[in-house]
Amino acid sequence: MEMVNQMYDQIVDAIIRPPRADYIVKQLGDPVFSLFGRKYIRSDFELLSPRNFKLQCSRYHALQHHTRMPTVIYCHGNSGCRLDAKTEALNLLLPMGVSVVSFDFAGSGLSEGEFVSLGYYEKDDLRTVVDHLRKSDTTTRIGLWGRSMGAATSLMYAENDPSIACMVLDSSFSSLKILATELTQQVEIKLPNMMFSVAYKMLKKTVTKKAKFNIEKLVPIKHAVKCFVPALFAHATEDSFISPSHSDAIAAKYAGDSNLIKFEGDHVTYRPQFFFDSVGIFFSNNLVIDSDFGADNPLITEQSPSSSSPPSDTQSVSIYEMMKQSPPTERRGGGGGGDLSYDEQLQLALQMSMVSTDEEKSSTKSPISSSRPTPSKASPSTLSPPSPSPSTVSYSQRDDDDLALAIALSLSDQPAADTSTTSSSSSTAPPTPRAEHHHSKPVQRVGVADRERKSERNGGEDDALVGLESDDVENDGEGALLLSERSKKKPKTKPKAKAKTKTKTKTKTKKRKGKQEEGKK
């Protein structure tokens, strides 16, 4: 029985008291920030709902903007807050020239209130924000972007406000009764139909007592048949909290122009790029209308810094850029008049690479990135100014790499056999001396006669060198070195050859002596 009570409480909390987003204002970021090379501003304000709850709101727009701008109001889900707009809406809509307003529904985020009502009271909170924007005379057209509870809220509100230009409805439910039935069937203990009917009546009574609304009156699909605002429906195919069949049913009953897109993911996963592309095109076609930016809606601009101003002390041009900007003939030394030769330019590049001022030593090295950073999908809550362009980066940050690139670039432009463009300094340069072998002891040149005499004194030990040609020994130092190295090697098979040679010599001597004696006789 205790387990049943716990499951019942979980279903009640899922409807009126889901986990509440807890954040601080500092997480919204700096009031003035940069995005894709432009500066934007965030202004926070507070509104009072019809139930006298304070609603915390934020508005984002460019510093350079028209007096009245198209605006999208982002409506978060049952466990979300106005911080969710930074994750989905800002990176997409602000560069389009669209202002973004996000706020915490009563019972969510930093706004007052204890419970949420999944759209029953939230549509009144949304009306409060819309009225504030129209009274301030700072908007042209208003669009809505809702997710989960925010999508159901937008649909129920737009039925009574046809002036809404368009709306994006991501993962809306069609009926709270149907949703409660589906959630009950997902529990571990399956209830019979009779017990489920009793449990639903208890759930209805508990929600009415705590949150003061009737769940049977939350049927967004009934508002769809009377709504004509252009709508873009979206739903994740693996959503287990709100089934995709809810969006299918609403889109089928919708009275106005609509389109339905589906994508992989579940109820809380970050949406794919295909979804954001579709949303961007949808808002661009329905909000950014050229006729809204006439003479009666002037553009408020700020004086931008002149691009022709001389570079400051912290700006420098890299060696690679300097060499690349010079004509190829000048890089090869073929320029006339006072142009630097190829060798002189390389010497200048080497001198520049070794220059290191105190400011460059104290500067912190940072990677060179594009002036237009790709928006982070995982955590765009911290919007930082774009990285400096390569032309504004300190020289010492990339001198080594650029020097190598400059030398490679200059060498690649020089023809292989073009003597007409060779500099005078290179033509008068002395020939490169021949590489010499350095040895610890001088090498003695050995002649053939000396070798034979030495062979006789050593008893034929050096006869192994007989096969060497005189060219091998009477040449330069390399040949003498070869001889000295070979003389140190004593092959094992040579002694046998030496013995045979000595025996043959004695035999020939005896034969000569025998012939001489016969001649005397």
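Trainee: Among contacts in the chain between residues at least 6 apart in sequence, what percentage join residues at least 24 apart?

Mentor: Taking contact to mean heavy atoms within 4.5 Å, the share is 75%. This is a predicted model, in which local features need pLDDT of at least 70, side-chain atom pairs count only at pLDDT 80 or more, and totals for chains, interfaces and linings use all residues. Residues are numbered from 1 along each chain as its sequence is written, and side-chain values use heavy atoms, with hydrogens and water left out.

Trainee: How many helices and strands are there in the chain?

Mentor: The chain holds 20 helices and 11 strands, both taken as DSSP runs numbered from the N terminus (helices H or I, at least four residues; strands E, at least two).

Trainee: In what order do the strands of the open sheet lie?

Mentor: Strands of a sheet pair through backbone hydrogen bonds, either parallel or antiparallel. Here, with pairing requiring at least two DSSP bridges between two strands, an open sheet of 9 strands runs S1-S2-S3-S6-S5-S7-S8-S9-S10 with mixed pairing. Strand S1 (32–35) and strand S10 (258–263) each have a single partner strand, so one side of each lacks a neighbour in the sheet.

Trainee: In which sense do strand S3 and strand S6 pair?

Mentor: Strand S3 (residues 54–62) and strand S6 (residues 99–103) are antiparallel over 4 bridges, and Ser-58 stands opposite Ser-102 in S6.

Trainee: What percentage of the 521 residues in the chain is buried?

Mentor: With buried meaning under 20% relative accessible area (1.4 Å probe, protein chains only), the figure is 39%.

Technical notes:
Buried < 20%, exposed > 50% of the residue type's maximum accessible area, 1.4 Å probe, protein only.
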